[in-house]
Structure formats: C-alpha cells, structure tokens
Amino acid sequence: AHIGLVAGPWARDILTNHPGVYDSFYSIKAPWVSRNYGLKSLWRLAACIFDLRKISWDLGIETRGDLRQILMLRLLKVQRRIGYAFTGGGWLLTDVVPDDGNPKHLVEHHLQIIRYMHPDFIKKRLTPKLWLSNREKIEIKDSSSRVGLHFGASSSLRRLPESKSIELLHILLSKFDDPIFLFKTPEIHDLVL
C-alpha cells in the first residue's frame, strides 16, 4: 500500500526523524488554517489537489471534522472517507465516526477513529511520541529541563478558559524549579498572572 500524509509545512520538522510509517509527505498550507485566502494560497491548494488526484486513494482519514478538509477528500475521489462531522460534511463521508459531543483530548479523538475502524483495538492509554535526531538528543541531555505552555487555539472549544490557564500555571510553578515558558499568542495577550 502507498500511504500518504497531507499536513501543514510544520509537520515536516516534527516527522523528520520518524521511522517511516508513511511513504509520501504532501505539504499544504491550507488557506483556512493560516486565514490567508489570497489568490496565491488558493492556487497552491488547487495545485496540491491536482497532484493528489493523480493517485488513486482507497481510504482517507480526516481527523479534525472540518468540512473543508472533508470536501478535499471528496475532490480527491477517495473511495472510503472516514472522519468526524463536527462542522458538517457528514454527507460527504462514507463513514462518520460517532462522537458524544463532550470535549476530549486530541489524542482521545484520534483513538476514537482507530476504535471505529478496528473495534477490537483495546488500548488503555496511547502516549504520543516524538522522534528526535541524535543531535537533539545530545542537546536535551546537556540542558536543564524546561516546561512550555501554549494556551492559544484557533477554536474557543479547544482553548482553556483563562481562569483554568492561570490555575494550571500556578500548579506548575509550585511543582517545578525549572524555567516555564509561556508561548504568547493573540488569544491570550490579555492573560494577567
């Protein structure tokens, strides 16, 4: 089987040292992710769709439940389209993954797709893993540990309320002597500590 991964350019850095679950990486900066609906970004999207349509795709998985990405699977003529229908588009999917509507960790949403496809899959806990290069491993060994927090998200459903963000930060400050980095985003520019 040929396995292709379609993701933003940022994914290339994360997957550089991955042992190779996928065969091809297709980089696309979707206009709806970057909020850049200019002609250039729409042209890049059309070019990516054109290239991907050259391949016959038996199965496509859309993990975000985003109507625009579900439509993209349909435009690519993917035979079996699996995903959530959070923003609509269930009629474009061949398989709608059920969801109870309760907010969950992103990993849990991905596990639900796996369970839908493979009902016998039983895994109590899935731990995300990041593959590091040898140089990165040495740099980590040679430095003190750090904690980084990013409270921003494009969707308010995925954003921790300000009071909970502050509460989490205070808990971490009381437990760690190491530096804590707070990544500033437009969504939290007014966060008062």
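Visitor: Is K77 buried or exposed?
Guide: First, this is a predicted model, where local features need pLDDT of at least 70 and side-chain atom pairs count only at pLDDT 80 or more, while totals for chains, interfaces and linings use all residues. Residues are numbered from 1 along each chain as its sequence is written, and side-chain values use heavy atoms, with hydrogens and water left out. Buried means under 20% relative accessible area, exposed over 50%, and partly exposed in between (1.4 Å probe, protein chains only). K77 comes out at 54% relative accessibility, so it counts as exposed.

Visitor: What is the phi of K77?
Guide: K77 sits in the loop between α4 and β4 (80–83); helices (H or I, at least four residues) and strands (E, at least two) are DSSP runs, numbered from the N terminus. K77 isn't a glycine, yet its phi is positive, at about 60°.

Visitor: Which side chain makes a polar contact with that of Q69?
Guide: Q69 is in helix α4 (residues 67–75) and is buried, with a relative accessible area of 18%. A polar contact is a pair of N or O atoms within 3.5 Å; within protein, one must be able to donate a hydrogen and the other to accept it, and residues adjacent in sequence count only if both atoms are side-chain atoms. At 3.0 Å, the partner of the Q69 side chain is that of R64.

Visitor: Which residues does Q69 touch, leaving out those up to four places away in sequence?
Guide: Contact here means heavy atoms within 4.5 Å. With that cut-off, Q69 touches W32, E62 and R64.

Visitor: How far apart are the end C-alpha atoms of helix α7?
Guide: The expected span of a helix is 1.5 Å times one less than its number of residues. For the 14 residues of α7 (residues 162–175) that should give 20 Å, and the separation of the end C-alpha atoms agrees: 20 Å.

Visitor: Within what arc do the buried residues of α7 fall?
Guide: The buried ones in α7 are S165, I166, L169 and L172. Seen down the axis, they line one face of the helix, because the arc (taken from the directions from the helix axis to the C-beta atoms) is 125°.

Visitor: Which strands do those buried residues of α7 pack against?
Guide: The other side of α7 has the exposed residues S163, S174 and K175. The buried residues pack against β6 (147–150) and β7 (180–183).

Visitor: What share of the chain's residues counts as buried?
Guide: The chain has 7 helices and 7 strands. Of its 193 residues, the buried share is 28%.
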